[in-house]
Amino acid sequence: MTKHHIYWWNLENLFDIENSPRRSEFLNNHLGNELKGWDATILNQKIANLTAIISKFNNGEGPDILGVCEVENEHVIELLISAMSTALQKDYGFVISEGDDKRGIDTALIYDKTKYGPEQLTFSLRIIKRNTTRDLFQVHINTANGNKLICILNHWPSRSGGELTSEPFRIMVAENLSYWIERIYEEQGSDANILLMGDFNDNPYNKSITNYLMAINNKALVKSNRVRLKYFYNVMHRFLDAQIGTFVFGNTYNMLDQFMISKSILSEKSGLPFKLSTVEIIAYPELTSGAYQKPVKFGRPNASTFNVNGFSDHLPIKIVLNEKDPTV
C-alpha cells in the first residue's frame, strides 16, 4: 500500500520583492504601497519561516504533494522549492497557473519528482466576474504505480465587501467548476479520481459548496449516486465542531480551506486505486496563538500586523490517500 501525503496551504501573500523586474508595470502600479519595504531580506525570511513548517510535515519527511495559493510567480516558488529541497533532501518540482488576478496572486502545485511524473498535464479555467478572478487549475498527477490523480486547485473570490455581497461570485465559480467536472468525467470516465483542494472562501455548509459545487457530507449518497456524477464528499465537516478553523475572523472559526474527493476515492468498489485514509488540520503550537488558535500571520512591512516570526493567516490542511499496490 502506497500512502500519498497531500497538503494544502494558503501562504498569505508570497510576493516577489518590491519593484521586481519580473512584475509588469501595470501590476507594480496597481499594488502601489502594498509592498513597501518588501525587500529580499523580508522575502527570504518569509521563505525560511514557511520552510520550517513544511519541513515538519509528514513526521519530518515533508509533503508528497503540496498545493498552495497566494504566490506571485515562478521566482518565489523556485525560492521555496530550493529551501524545501535543501531542508528535506528531496527533489521537488512544481507547476503554476499564472493568471490575471488583479493582485497578481496565483495557485501552484509542488510535488516530489521521485514519486510522480514524469509529465504533469495541466489545464486552467479563467473565470470573469467583471474582472478576472483566480484560475481554476487542474493538474494530472501520475503515480509510480501508473495511476492518475486529478487535482484541481481553487482560490475562490474573497469575502471582501461582506459575505453575502460577495457570495454570488463564489456561486459563479462553483457553477463553472461543476460544469468543468462533468467534462472531466466525460473525458476520463465515471471512475476518474478527482481531488479538489483550495481556499474556497466559504465554509463547507455554505450554499456555493453544497448547492452548486454539490460537495456534501453524506457518504452514502455520494457512494450510491449513479446519475449526478459531480457529487463530491467534503471531508472537512468533521472539524466544524472542533473549536478550530483554518482561518479565524474576530472570534469566529472558518473552515475556508478544504479537501473534497470524488466518488471513486470514497467508493468500496474493487479495482479502484485510491482510498481515503486520514484528514488533518495542521496546528503546530508555533502556528497559532490565543484562545481561538488564530493563525500567526507574517503580514507585510507596511502593516501594523507585520510579524517577522509569523507564517500565514491560514492553517495548512492534510489528506492521506492510500493507493493499492498493483501486484495485489
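I started with K90, where a polar atom of the side chain lies 2.7 Å from the backbone oxygen of E61. A reminder to myself: this is a predicted model.

Where does K90 lie? I found K90 in the loop between α3 (74–88) and β3 (92–97).

Leaving aside neighbours within four places in sequence, K90 is in contact with E61, G62, S85 and D112. I also looked up K113: along the chain K90 and K113 are 23 residues apart, and their C-alpha atoms are separated by 8.4 Å.

My next entry is about α3 and a helix that packs with it, α2 (residues 40–54). Their axes are 9 Å apart, at an angle of about 45 degrees. That angle makes α2 oblique to α3. I noted a right-handed crossing where α2 passes α3. Which residues make the contact? From α2 I listed L43, I47, L50, T51 and I54, and from α3 V76, L79, L80, A83, M84 and A87.

Last, I turned to the nonpolar cores. The largest has 73 residues, and W9 and L109 touch the most other members. I followed L109: not counting residues up to four places away in sequence, L109 touches I65, L66, G67, G93, F94, V95, V139, I141, C151, L153 and M197. Another core, of 20 residues, lies apart from the largest one, and I found L136, V173, L177 and I209 among its residues.

Notes
Residues numbered from 1 in each chain as written. Predicted model: local features only at pLDDT ≥ 70, side-chain atom pairs only at ≥ 80, totals over all residues. Heavy atoms only, no water. Core = buried A, V, L, I, M, F, W, Y, C linked by side-chain atoms within 4.5 Å. Buried < 20%, exposed > 50% of the residue type's maximum accessible area, 1.4 Å probe, protein only. Contact = heavy atoms within 4.5 Å. Helix = DSSP H or I, 4+ residues; strand = E, 2+ residues; numbered from the N terminus. Polar contact = N/O pair within 3.5 Å; in protein donor to acceptor, adjacent residues only side chain to side chain. Axes fitted to C-alpha atoms, helices over the stretch in contact; angles between N-to-C directions. Parallel < 35°, antiparallel > 145°, perpendicular 65-115°, else oblique. Left-handed = near helix turned anticlockwise from the far one by under 90°.
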